[in-house]
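This report describes selected parts of the structure shown below.

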2 protein chains.
Amino acid sequence: MKTVILSSGDELLLGQKVDTNSAWISDQLVACGNMPLYHKTVGDCSADIASAITEAAERAQLVVVTGGLGPTDDDLTRSALAAALGQPLVLDEGALKEIQEFFRKMGREMPVQNRAQAMHPAGTRMLPNPWGTAPGIEAECHSCKIFVFPGVPREMQGMCEKYLIPWLKLQSALHLATASVTTYGAGESTIAAALGELMCRERNPTVGTTVTGGEVIVRIRSEFADREVAKAELARTVALVQGRVGEWVVSLEGASVSETTCRMLLSLGKRIVTAESCTGGLVAKMMTDIPGASDVIGGGWIVYSNKLKESLLGVNPLVLLSNGAVSEAVAAEMALGALLRSDVDYAVSTTGVAGPGGGSPEKPVGTVWIGVAVRSDAGARVSCRKWYFPGDREMIRMRAAKTAINMLRMELLKEPQ
Amino acid sequence: MKTVILSSGDELLLGQKVDTNSAWISDQLVACGNMPLYHKTVGDCSADIASAITEAAERAQLVVVTGGLGPTDDDLTRSALAAALGQPLVLDEGALKEIQEFFRKMGREMPVQNRAQAMHPAGTRMLPNPWGTAPGIEAECHSCKIFVFPGVPREMQGMCEKYLIPWLKLQSALHLATASVTTYGAGESTIAAALGELMCRERNPTVGTTVTGGEVIVRIRSEFADREVAKAELARTVALVQGRVGEWVVSLEGASVSETTCRMLLSLGKRIVTAESCTGGLVAKMMTDIPGASDVIGGGWIVYSNKLKESLLGVNPLVLLSNGAVSEAVAAEMALGALLRSDVDYAVSTTGVAGPGGGSPEKPVGTVWIGVAVRSDAGARVSCRKWYFPGDREMIRMRAAKTAINMLRMELLKEPQ
């Protein structure tokens, strides 16, 4: 199906914000077999948005528009769509009630401007938005389907999953079966090299890779007239992929490193604590992102300063002095200290140089020691490993946290499953 | 001047890569007083690139194209430009020598494919690329100027600075000055209502709002023939904005809540610790996102389980039993317990129901108690506040963490500055 992705917002044309929405939507469209014809970004100008919609609807069978659904005067996508369709804006009483309810739950009265968000062109449908106050809009323009979603990425993503993807799946005559294999620990080019000719674009099922926050996801897409053939061919390709990149595979269900680790802990009935220096809470944050994490993570310590490493986790000041905070000995003492001060089974520690300052020739920015301590019959044992992560502060911290959780996952694999 | 930014590449339309180039170029154009009409992204298809160039050249006086200048068969921007201009591709001997020289410096022979990079449409000029093998192209189409740059961000940026900006500065009659005012604690519609007629689109300077992660940013853009007038009018509008939304203003430099709080702590010489339950490390993570955070944050505790709330922070088990973990009393004990166990000036605590499970009629999902404890001559004082945050687990945790940091910022405002 021919598709076009439009985004609107002065902040995008002014270069104050990078348009990440269009790439995200493209990824979803491609996963359903539709590579867009083009992306176009226009400013907060009703005439520009309207002509971009008209132009796109003439060339494509599906147009996805993001942005400009807020409550303020510079949110013009509703009126632009109305102009493109040649319809007046009308009030949707149901949508108005939902927006009022959203504010009521927050203990506030709906400001009068938000009434504008319940307006839509006559003959179109409003799409409830459980994540915010801006409902989406579903419309038709001749033979073209138009979806309009808010520009806030979290809301846009939720609404694509709720409305766009199910609609797309209904359009295809072919049966589609997809799988995502999560890998961690190898770069995209290493994974691509290992997959080799499986990634040939003419192949069915197709095999592609995408990177999300350090994880390389291998996406497999099998499209056949027969549903059972689509499923069987998918399974065959997943097995081939596993054979090629097995050593890095985290999940065959597309789950992230932290999700997978959380599930393993749950099924093993094991619990953890964290002891973080350079990651500053990110390891615990990633683990507690997962609903139900309270059953597997007791809590943790953030010991950014050496003083707190000593007073909270009992790291020996002489060890700190002679090895420095970024060292195997300190990573080990942190993990063991955390285990000792809790009643859980595992403790994970991080200590490193996240930058931009603080690097030295021996310990350049990006150097991180990670420790995993395990309670055992004989007390506890700890294993540490030194890593070097490239990139800026944010990337180094993200990689360090994810690698710490992955090291824990590797330890859990040693448990009798 | 009317400008358009085009980018090409299947990886962009496939959603495998986010187009950061267009935002970067926009930022440069805006700094020279030219907000683009639109951004457009097309795939690696010569006809699509050619028609995008033709369409843009009809509407604008300047078109900047990125991508498709590599040596391989899917690099088609040279032939597309030739088609748009109706000119044949010809070899530039000088450019060829430079590409050969680039490889020689790396100790390698130029592969034969790279000869294609020395081809350009007759009547256009090649722009030497000191950062890579792909020279840029400068062309005219009727009254429109066209610059073509490679898609690699580092090379594109270098070439924009070397060729595009100097050319732009020669063209401009108007001067542009911009400012960003960060607010927190009020929704976009409340801010817009307070700004009122300042947001009228015909106004100069213009005033607009955007939302990033809970913060509403007010953006001001002043454009005048005289540089000093542009600056003075900008300052006058910033003052007006401050007068209208002052109670929510976090930063006049566009800085985030955590950045601003970090800077305030630094300049006051104060330090903090965190005691987190429902945010699971996110408050500490947000604070330590800021480079140099080690001077203001000692560390913290993540006390997800009640057991750890008791054993690590000394929360009274009877208080937990009678009030529940999500209560004012527990938020207060957590903050005070954290302050007691450290030597810093402030402690921030969070305890709430992030969902999706765990809600009750009295404490629905989204209920969060936040405490801020301050060391004082008489020991310590603590203030707590109950919040209700809408949205899913991720949004509730993000809002809770950001609001906790903002409550700390409000406390810091009481310090003698």
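Which residue stands opposite B:Val65 in S3(B)? The residue opposite B:Val65 is B:Leu6.

## Basis of the model

This is a predicted model, in which local features need pLDDT of at least 70, side-chain atom pairs count only at pLDDT 80 or more, and totals for chains, interfaces and linings use all residues. Residues are numbered from 1 along each chain as its sequence is written, chains are lettered from A and ligands numbered from 1 in the order in which they are written, and side-chain values use heavy atoms, without hydrogens and water.

## Strand S3 of chain B

Strands (E, at least two residues) and helices (H or I, at least four) are DSSP runs, numbered from the N terminus. Strand S3 of chain B covers residues 62–66, and five of the five are buried, so the strand is largely enclosed by the rest of the structure. Buried means under 20% relative accessible area, exposed over 50%, and partly exposed in between (1.4 Å probe, protein chains only). B:Leu62, B:Val64 and B:Thr66 point one way, while B:Val63 and B:Val65 point the other way.

Two strands pair if DSSP finds at least two bridges between them. Strand S1 (residues 3–8) of chain B runs parallel to S3(B), joined by five bridges. S3(B) also pairs in the parallel sense with strand S8 (residues 144–149) of chain B, over five bridges; there B:Val63 has B:Ile146 as its bridge partner.

## A:Lys270

A:Lys270 lies in the loop between helix H9 (257–268) and strand S13 (272–276) of chain A. Its relative accessibility is 22%, so A:Lys270 counts as partly exposed.
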